[in-house]
Amino acid sequence: MELGYMGVRYNETPLSVRELVSFTDSKKTELFETLQRIGVKQCMVLSTCNRSGIFFFYDGNKQWEQIDTCYSGSFPDVDFAGYLQKKQGEEALMYLFRITAGLESLVLGEDQILGQVVEALEFAQLMGMAGKELNKVVRDAIRCSKRIKEELHISENPLSVSYVGVRRLAEVMGDRICGSRMLVIGSGKTAELALMYLREYVPEQIYICNRTRQRAGKLRERFPELRVVSYEDRYQILQQCEVVVSATASPHLVITEERYRDLTAVQDGVKRYFLDLAAPRDIDQRLAGYPGIRIIDMDTLQDIARQNQRERERLAGESASMIRDAVAETKEWFHISRMDETIESLQKRCHAIVEDSYAYLERKLELTDREQKLVRKVLNASLQRLLREPIRELKQLDTEEEQEEYKEMIQRLFVKEGD
């Protein structure tokens with residue numbers, strides 16, 4: 001059984017493709033059901049603004065090919081055209097650790113990805129697709145990520161996509177951003193971070209809307225100056241705003257050119273700035289053709305992120321040894337765990353022998369309660385002592401080939417069929 005990965009990510013796949021391969025909860029469920037039918041028992045879907053992929057455990061090349069078909073089949077209308085990335089074994093494990101640490105993100109060391117990995121694992125657990133191995137490797141990756149952040153202080157200065165987006169917005173608008181009126185669409189973590197940075201420019205008013213008004217209302221507890229408006233009224237409200245920030249998980253456009261064109265208050269040359277922090281995109285790109293309209297989207301932010309390349313390389317270099325050590329520990333656990341089933345079979349066989357021997361002695365001898373407990377304890381201790389050294393040797397086997405040979409030998413010598 002090996003760890004595998006398939007997916008697409010921001011720096012190798014254009015946004016026009018990425019926005020077509022995002023996973024909704026229903027699509028995740030459909031994929032899990034399909035994978036279960038071909039015998040895959042452990043899988044986690046990691047779908048974010050900048051990547052869409054799955055980590056899974058598989059048995060052999062045939063199942064790998066079946067999983068490949070299942071993943072591509074989830075998006076029948078998409079031509080991956082070489083964008084689909086695949087990793088196996090240690091390479092997949094290392095990639096999981098790097099993703100979780102924020103080293104494969106658009107903005108190096110971003111905090112959001114750690115929470116997204118946690119949520120992805122929790123969803124897999126909820127759907128019964130997270131077994132011992134998947135839980136172990138993901139939790140080890142999370143633990144390593146937290147250590148890197150604590151020791152290297154990667155997150156001391158905000159470098160999230162929301163931060164970069166708002167900073168770019170401020171650069172484009174100049175002094176006009178201060179005292180402006182703003183509309184924020186969405187109420188998730190990205191929108192919340194954007195609100196935190198937007199407040200630094202002391203806007204005249206920030207409106208917020210979301211399909212679920214209650215969720216937008218919760219943000220008002222942290223940002224009491226917010227004015228919550230109905231999602232259906234977003235077009236009317238944006239007419240009053242110079243800035244529109246959208247960060248939803250909607251699979252469809254939130255602001256369309258057709259609806260915008262029909263607004264009575266839209267005038268030629270009006271200056272309005274759209275910050276689109278969503279993938280798939282929320283803002284209709286045709287609006288960029290209107291005089292005075294400026295759209296900043298995720299592809300635009302990639303250009304800004306390249307300016308952080310020197311810092312990316314420095315931090316990646318410092319954290320590389322920490323990740324290598326953590327991956328080595330996880331590999332060692334995984335190597336040893338391959339023998340768990342065999343060791344458990346030996347333990348069960350030992351227990352069966354103890355019970356059989358004790359039952360025989362109990363029939364032949366008249367034992368007091370104290371003597372019964374003593375006999376059972378001695379029998380068990382004797383057999384455990386006999387198994388102690390073989391079990392230690394099993395855990396120290398160097399290769400998977402050796403492990404398989406010993407498994408077969410132990411099965412033939414000690415473990416009866418049906419035990």
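Helix H2 (residues 25-37) packs against helix H3 (residues 60-73) at an angle of about 155 degrees, and their axes lie 10 Å apart. Helices here are DSSP runs of H or I with at least four residues, strands are E runs of at least two, and both are numbered from the N terminus. An axis is a line fitted to C-alpha atoms, for helices over the stretch in contact, and angles between N-to-C directions run from 0 to 180 degrees. That angle makes H2 roughly antiparallel to H3; the cut-offs are under 35 degrees for roughly parallel, over 145 for roughly antiparallel, 65 to 115 for roughly perpendicular, and oblique for the rest. H2 passes H3 in a right-handed crossing, that is, with the near helix turned clockwise from the far one by less than a right angle, anticlockwise being left-handed. On the H2 side the contact (heavy atoms within 4.5 Å) uses Leu-31, Thr-34 and Leu-35, and H3 brings in Ile-67, Cys-70 and Tyr-71. Sorted by class, that contact has five nonpolar residues, one polar and no charged ones. Ala, Val, Leu, Ile, Met, Phe, Trp, Tyr, Cys and Pro count as nonpolar, Asp, Glu, Lys and Arg as charged, and the others, Gly among them, as polar.

All of this comes from a predicted model, in which local features need pLDDT of at least 70 and side-chain atom pairs count only at pLDDT 80 or more, while totals for chains, interfaces and linings use all residues. Residues are numbered from 1 along each chain as its sequence is written, and side-chain values use heavy atoms, with hydrogens and water left out.

H4 puts in Leu-93, Leu-96, Phe-97 and Thr-100, while H6 answers with Val-137, Val-138, Asp-140, Ala-141, Ile-142, Cys-144 and Ser-145. The tally for this contact is eight nonpolar, two polar and one charged.

Leu-93 of H4 is worth a stop. Leu-93 is buried, at 7% relative accessible area; buried means under 20%, exposed over 50%, and partly exposed in between, using a 1.4 Å probe and protein chains only. Leaving out residues up to four places away in sequence, Leu-93 touches Leu-3, Val-137, Val-327, Thr-330 and Lys-331. The C-alpha atoms of Leu-93 and Leu-3 are separated by 6.8 Å, although the two residues are 90 apart along the chain.

Two polar side chains come next. Gln-112, in helix H5 (residues 112-126), is buried with a relative accessible area of 13%. Its side chain joins that of Thr-190 through a polar contact of 2.9 Å. Such a contact is a pair of N or O atoms within 3.5 Å; within protein, one must be able to donate a hydrogen and the other to accept it, and residues adjacent in sequence count only if both atoms are side-chain atoms. Ser-246 sits in strand E8 (residues 243-246) and is buried at 0% relative accessibility. The Ser-246 side chain makes a polar contact of 2.7 Å with the side chain of Asp-282. Beyond four places in sequence, the residues touching Ser-246 include Ile-185, Val-254, Leu-275 and Ile-283.

Overall, the protein has 16 helices and 10 strands, and 48% of its 419 residues are buried. Of the contacts between residues at least 6 apart in sequence, 72% join residues at least 24 apart.
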